[in-house]
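Colleague: I am new to reading protein models. Please take me through this one, feature by feature.

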Amino acid sequence: MTITTPGRSGSNRVSDDLLVEPTRPTIETFDPRTGASLGHVPDHSEADVAEAVARARVAFQAWGRLPFAERGDHILSVRDLMLDRLEELVEVITSETGKLQAEAVFTELMTACETIQYYAKQGDKALRPEKVSAGLMTHKKAVRTYEPLGVVGVISPWNYPFILAMTPIVTALYAGNSVVLKPSEVTPMVGQAIGRLFAEVGAHPDLVQVVTGGGATGEALVRSGVQKICFTGSVRTGKRVMAAASDTLTPVLLELGGKDPMIVCADADLDRAAAGAVWGAFQNSGQTCMSVERVYVDEAVYQPFVDRVVARTRAIRQGTTVGDDIGSMTFPPQLDTVERHVADALDKGATVLTGGQRVAGRDGLWYEPTVLVGVDHDMDIMRDETFGPVLPIMAVANVDEALRLANDSVYGLNSSVWTGDADLGRRVAAELEAGNVCINDVIVSYAAPALPFGGVKESGIGRVHGPEGVREFSQVKSVLSDRAGLKREAWWFPLPKQMGTVGARVLRLRHRRGAVNKLKALLPR
Ligand code: NAD
């Protein structure tokens, strides 16, 4: 990403409705497969963000009052338009990220459609008013209700620029909020394409607005007085977002990075585990917060597992056309991180079994799918998020050592365990310190929209998907109403003289355990 002043900025492919004004700063966006410029988008200022939030607040006034059915209908109409625009959306996603058409269709568009379907059809179950106990006050009615927050700010990353913006947007909308999106400066045109979808379905022109720019634009959104920030990105930026949000006590939902472990037990189906490891590590060129970042294999099956992984990794087809398995990487600094982690591992004694370098003679962001062994926890590759096509594998004595090492991390996003023993699978799943666990599978839990997704430890705060996800964009309001219509309550003034002693008896009667103890409570003391 470069920030430029127009006039010096070269070709401009931004569509008419999003024209870059000639006097304003812009950011430039590139095709990572070739390094070619894709054009410029506005670098929105703090004032632009404030205006967008003010307009969103007006849009919220009408939108927040609509019944669930109408909100659901609206997001389904957005889905219809997505399907009409499928090829156009795939084109903008693939050209800004370098991922393949198949990856864009399945991991970005299909997943978004599933999430829309889930909330449009089932979201109301999580948000309906719910009658609950009023405790001792049996003559009262207690109801828990969910209300929209107002304006939600969504800040999204570049690795899944469509789904990681769409998920919080449609969820926040369904809960009755309006939204201002700040997409990554690496993939702003995907953000603009999302903005056009909502503008064209058009319940209200300002219901979903998109502001483009870098970190400063994102920080302006955090500080803009929105009712919640949903941030997806790195731990480092997530901490800055939380610190800035603390000035106004703006609540934050943080979906951050991971160093997701895979545990392969001695009784695992090795063919399936090896194929799963290779897909889980290299799909989207390893740039997935839920990807397999490190593997711990029982030493009894270490060598056959490694042999299978290496054979499958060597067979990966890396390119830009239909029939390839993975595309390019997306963001130049991420490739630097990959090279730094591999170099650090090699310096400390690791061995490359396949890959280990940039693809020779090719422009753009291409790194060979890489398998490393001889790794340990003194190496960055086993501790810091690599976020690239590298799979380090470590032999362990048993499942307990694997668990200890898997949990030896500041991260806790995704994880997996591979075993033929269902009980062992459940035990390991319970002991893994992570927000999400797959048993004999990888990554796909995100594609189940009823399953809450999010991290523990430094991988984040809060959840998207499921009932928890839509409640993140709601505030709970407790409503207690009197239904007996008495002239006065027993505890109102003037207090009866016996109030304290009667109260003590009632307290013991209600809360002592066992019938005999309850009876004793009635006796005078
Ligand atoms: P990033 O943290 O660099 O940027 C994310 C977004 O934050 C961008 O839109 C950026 O412009 C914005 N931003 C930067 N500085 C800001 C500031 N001070 N205030 C507000 N916003 C600011 O992350 P990235 O490189 O775009 O994405 C990759 C990271 O995202 C990886 O760590 C990955 O694991 C993580 N990620 C997490 C999930 C998840 O669901 N947990 C999903 C995808 C990616």
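**Reading the model**

Modeller: A polar side-chain atom of Glu185 lies 2.6 Å from one of the ligand's oxygen atoms. A polar contact is a pair of N or O atoms within 3.5 Å; within protein, one must be able to donate a hydrogen and the other to accept it, and residues adjacent in sequence count only if both atoms are side-chain atoms. Before we go on, note that this is a predicted model: local features need pLDDT of at least 70, side-chain atom pairs count only at pLDDT 80 or more, and totals for chains, interfaces and linings use all residues. Residues are numbered from 1 along each chain as its sequence is written, and side-chain values use heavy atoms, with hydrogens and water left out.

Colleague: How many residues surround the ligand, and which are the closest?

Modeller: A residue is near a molecule or strand if one of its heavy atoms lies within 4 Å of it. Here 28 residues surround the ligand, and the closest are Lys182, Glu185, Ser234, Leu256 and Glu385. Lys182 also places a polar side-chain atom 2.6 Å from a ligand oxygen. Gly233 uses its backbone instead: an N or O atom there lies 3.3 Å from an oxygen atom of the ligand. The protein buries 92% of the 850 Å² that the ligand exposes when taken alone. Such areas come from the Shrake-Rupley method with a 1.4 Å probe; for residues, only the protein chains shown count as cover.

Colleague: Next, the sheets. What is the order of strands in the open sheet of six?

Modeller: First the terms. Helices (H or I, at least four residues) and strands (E, at least two) are DSSP runs, numbered from the N terminus. Two strands pair if DSSP finds at least two bridges between them. The six strands run in the order β8-β7-β6-β9-β10-β18, with mixed pairing. At the edges stand β8 (208-210) and β18, each with a single partner strand, so one side of each has no neighbour in the sheet. Two bridges pair β10 (residues 252-255) with β18 in the antiparallel sense. Leu254 has Ile461 of β18 as its bridge partner.

Colleague: And which strands are at the edges of the seven-stranded sheet?

Modeller: That open sheet reads β13-β14-β15-β12-β11-β16-β17, again with mixed pairing. Its edge strands are β13 (351-354) and β17 (438-439), and each pairs on one side only. Further in, β12 and β15 run parallel, joined by four bridges. There Tyr296 stands opposite Met394 in β15.

Colleague: Why is strand β2 described as largely enclosed?

Modeller: Burial is judged by relative accessible area: buried means under 20%, exposed over 50%, partly exposed in between (1.4 Å probe, protein chains only). Four of the five residues of β2 (residues 26-30) are buried, so the rest of the structure largely encloses this strand. Five bridges join β2 to β3 (residues 37-42), and the two run antiparallel. Their hairpin has six residues between the strands, and Gly35 takes a positive phi near 85° there.

Colleague: What about Gln209: buried or exposed?

Modeller: Gln209 is in strand β8. Its relative accessible area is 9%, so Gln209 is buried. Its side chain makes a polar contact with the side chain of Arg55 at 3.0 Å. The Gln209 side chain also reaches the backbone oxygen of Asp206, at 3.2 Å.

Colleague: Now the backbone. Which residues other than glycine have a positive phi?

Modeller: Most residues other than glycine have a negative phi, and most peptide bonds are trans. Asn284 has phi near 55°, and His465 has phi near 70°. Asn284 is in the loop between α9 (270-282) and β12 (294-298). Asn284 is buried, at 4% relative accessibility. His465 is in the loop between β18 (460-461) and α14 (466-471), and is buried at 0%.

Colleague: Last, the rings. How many aromatic pairs are there?

Modeller: Rings of Phe, Tyr and Trp (its six-membered ring) pair if their centres lie within 6.5 Å; planes under 30 degrees apart count as stacked, over 60 as edge-to-face and the rest as tilted. The whole structure has five aromatic pairs. In one of them, Trp158 and Phe387 have ring centres 5.6 Å apart and planes at 75°, so the pair is edge-to-face. This pair links distant parts of the chain, 229 residues apart. Both Trp158 and Phe387 are buried. With Phe331 they form one aromatic cluster.
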